[in-house]
Amino acid sequence: MPKPRVIFWYRTDLRLHDSPALAAALDLKPSCLYPIWTWDPHYVYRARVGPNRWQFLLDYQSDLSASITKLNPKSKLFVIREAPQTLFPKLFKEWDITHLVFEKDTDAYARKRDEAVMEIAKKAGVEVIVKTGRTLYDPDELVKQNKGKPTMTISQVQTAGAKIGDVPRPIPAPTSIPDPGDTSLTFSSEPPEVIPDWNASHRDAQDTCYHKLAGPNNDFSVPTLSELGIKPATSPHRGGETQALSALSSILSNTTYTATFEKPKTAPTDFSPQSTTLLSPHLHFGSLSVREFYWRVQDIVSAYKGKGKKPSEPPTSLTGQLLFRDMYFGAQAAQGHAFAQTYNNRFIRFIPWHLPSTISSSTSLITGTYHIDDTKAESYFRRWKAGTTGFPFVDALMRQLRIEGWIHHLGRHMVACFLTRGGCYVDWERGAEVFEEWLIDHEVACNVGNWQWLSCTAFYSQFYRCYSPVAFGRKWDPDGAFVRKFVPELQNYDKKYIYEPWKAPIADQKKWGCLVKGDGSGDEGRGTKEGMQTYPKPMFDFNTQRDICIQGMKNAYRVGLYGNDKRVLDGTWRAL
Ligand code: FAD
């Protein structure tokens with residue numbers, strides 16, 4: 001029997017340590033192993049990816065490539081500039097491949113793509129090996145053990161997980177990597193056939209980018225942002241397996257922090273350093289194995305208990321956080337494409353949010369005696385996104401998100417609640433799109449699931465519990481250091497007014513160099529004739545607006561429609 005010739009296809013697992021898929025590839029004792037990355041047009045076009053996440057991806061690729069080369073100077077991460085569906089048939093032939101190995105991905109699009117690739121492999125006589133490694137439990141197995149239903153609570157994950165068995169211990173990183181075979185190619189890369197459909201202005205940039213990716217490809221190198229024509233990243237955070245493992249070790253070296261971590265007690269206003277681990281982007285790109293994270297925490301917790309001390313427990317502990325992650329993966333795995341939207345989704349409550357201004361809608365009936373003005377909602381959305389709502393805590397968070405690509409979980413709670421049921425009454429799907437573009441840790445399952453939670457459309461239903469943009473920030477950071485960092489116009493404000501600058505007397509506003517005026521439509525921070533900076537007035541009276549939202553939610557819950565209701569699908573909900 002000739003020895004296997006293997007392609008190892010990197011996707012959600014940009015690491016060497018604890019990779020069950022890579023271990024399976026190496027177990028084949030191949031005569032040659034090609035570690036490859038292929039540019040997927042879905043990622044380049046369809047997904048909304050801002051410069052910060054692009055930079056992260058390139059960081060991960062470069063770091064992984066260097067680590068592979070350290071193990072074998074002849075090898076590296078071979079970055080190939082073509083869609084997997086068109087690339088693989090040619091690659092299998094040219095490199096005389098016998099096996100294709102990759103980590104399982106249960107995202108709705110990925111499943112479809114992988115099915116197509118598996119079919120291509122079958123036709124080419126290539127054996128495919130797929131291994132789970134992205135989550136603690138295989139999401140499909142979790143769903144199966146949850147009676148075929150999406151996992152919607154932590155306790156469902158715990159019960160279903162117990163039936164599956166212990167989370168496997170991590171596997172050490174390999175100490176050697178086989179040579180790649182001959183890497184010459186007789187074909188040149190093809191641009192994708194289909195240009196999918198989102199945001200036309202963004203699409204132009206992505207087109208340029210893809211054509212650059214699909215250009216001459218002799219050395220399989222990782223491109224730079226500037227080669228791709230993408231704006232420079234602004235995030236101070238950086239990616240890479242080396243960075244991820246060192247961050248993990250440094251965090252876990254504080255064993256008391258690790259064993260007693262309680263999420264609700266961590267401050268959303270802490271920065272440099274932040275109060276939680278900031279390991280989410282590493283988990284997203286797979287540069288940190290979630291099992292490595294999980295087991296190192298378990299070992300610390302066991303030792304802590306061994307000393308007779310009481311550690312924190314799920315759901316608030318670090319273990320609890322990882323279970324939440326698995327919960328959302330299980331919810332997504334069971335629902336497929338429907339998961340990411342309300343339309344035709346039987347698990348998501350239908351709330352007649354303000355719809356985008358291009359769709360005409362009347363929400364006055366379903367919101368009872370209150371009338372919500374749709375044109376205002378569009379401006380609320382724009383100001384929320386721009387960080388010019390006039391509520392400094394919300395604006396600081398949105399600006400931190402745009403600049404740095406990461407905000408604390410409770411910060412995400414604040415801005416998501418404010419955009420949806422606790423302020424603007426705008427559809428959660430619009431907020432999720434902004435997060436998709438700006439987050440460095442964007443994960444479809446976690447982003448969509450958490451937006452559903454915060455908007456009380458699934459997972460959580462206590463819609464009367466809203467976050468105040470004034471009191472919530474003040475509770476964590478009475479002096480307003482966080483606001484001063486991200487809303488520098490207000491840096492000289494007295495702490496008495498830092499969360500409510502519109503209440504400061506005009507004389508003080510002048511003394512502190514920033515006037516509260518305007519509607520956030522673009523003149524903030526630019527200065528007045530007197531050389532004074534400006535910060536917008538709040539876009540509404542929060543208490544009044546919150547009451548309107550709660551009334552709307554009450555009515556929607558009373559009517560009780562879900563996304564797959566016939567009246568939602570045919571639009572007759574408007575007559576209710
Ligand atoms: P830690 O508190 O240190 O937790 C450790 C790890 O547990 C995280 O790295 C993350 O992988 C996981 N985790 C923690 N909380 C959650 C949670 N609620 N849901 C799922 N996983 C969790 N997380 C993402 O990874 N990607 C997203 O796209 C994402 N979008 C979100 C959108 C909204 C509206 C909200 C409210 C939350 C979102 N989260 C998302 C969840 C959570 O906010 C982040 O995982 C967390 O803030 C990341 O910071 P950390 O690594 O310091 O977390």
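Biologist: How do the residues of the lining of the largest cavity divide?
Modeller: Into two nonpolar, four polar and three charged. Nonpolar means Ala, Val, Leu, Ile, Met, Phe, Trp, Tyr, Cys and Pro; charged means Asp, Glu, Lys and Arg; the others, Gly among them, count as polar. This is a predicted model, where local features need pLDDT of at least 70 and side-chain atom pairs count only at pLDDT 80 or more, while totals for chains, interfaces and linings use all residues. Residues are numbered from 1 along each chain as its sequence is written, and side-chain values use heavy atoms, with hydrogens and water left out.

Biologist: Which residues line the largest cavity?
Modeller: K104, T106, T132, G133, R134, T135, D138, P139 and F329. The space inside is about 50 Å³.

Biologist: What counts as a cavity or a pocket?
Modeller: Both come from a 1 Å grid over the protein atoms alone. A cavity is a set of points where a 1.4 Å probe fits but cannot get out. A pocket is an open set with protein on both sides within 12 Å along at least five of seven lines. Lining residues have an atom within 4 Å of a point. Points join across faces, edges and corners, and volume is the space filled by probe spheres set on them.

Biologist: How many cavities of 30 Å³ or more are there?
Modeller: Three.

Biologist: What volume does the second largest pocket have?
Modeller: About 1300 Å³. It has 46 lining residues, and K263, Q321, H409, H413 and N450 are the closest to its centre.

Biologist: How many residues surround the ligand?
Modeller: 29, counting any with a heavy atom within 4 Å. The closest are T276, T277, L278, H409 and D441. This shell divides into 15 nonpolar, nine polar and five charged.

Biologist: What lies 3.0 Å from an oxygen atom of the ligand?
Modeller: A polar side-chain atom of K263. That is a polar contact, a pair of N or O atoms within 3.5 Å. An N or O atom in the side chain of W406 is 3.2 Å from a ligand oxygen. A polar backbone atom of D441 lies 2.9 Å from a ligand nitrogen.

Biologist: How much does the ligand expose, taken alone?
Modeller: 810 Å², and the protein buries 99% of that. The areas use the Shrake-Rupley method with a 1.4 Å probe.

Note on methods. A polar contact is a pair of N or O atoms within 3.5 Å; within protein, one must be able to donate a hydrogen and the other to accept it, and residues adjacent in sequence count only if both atoms are side-chain atoms.
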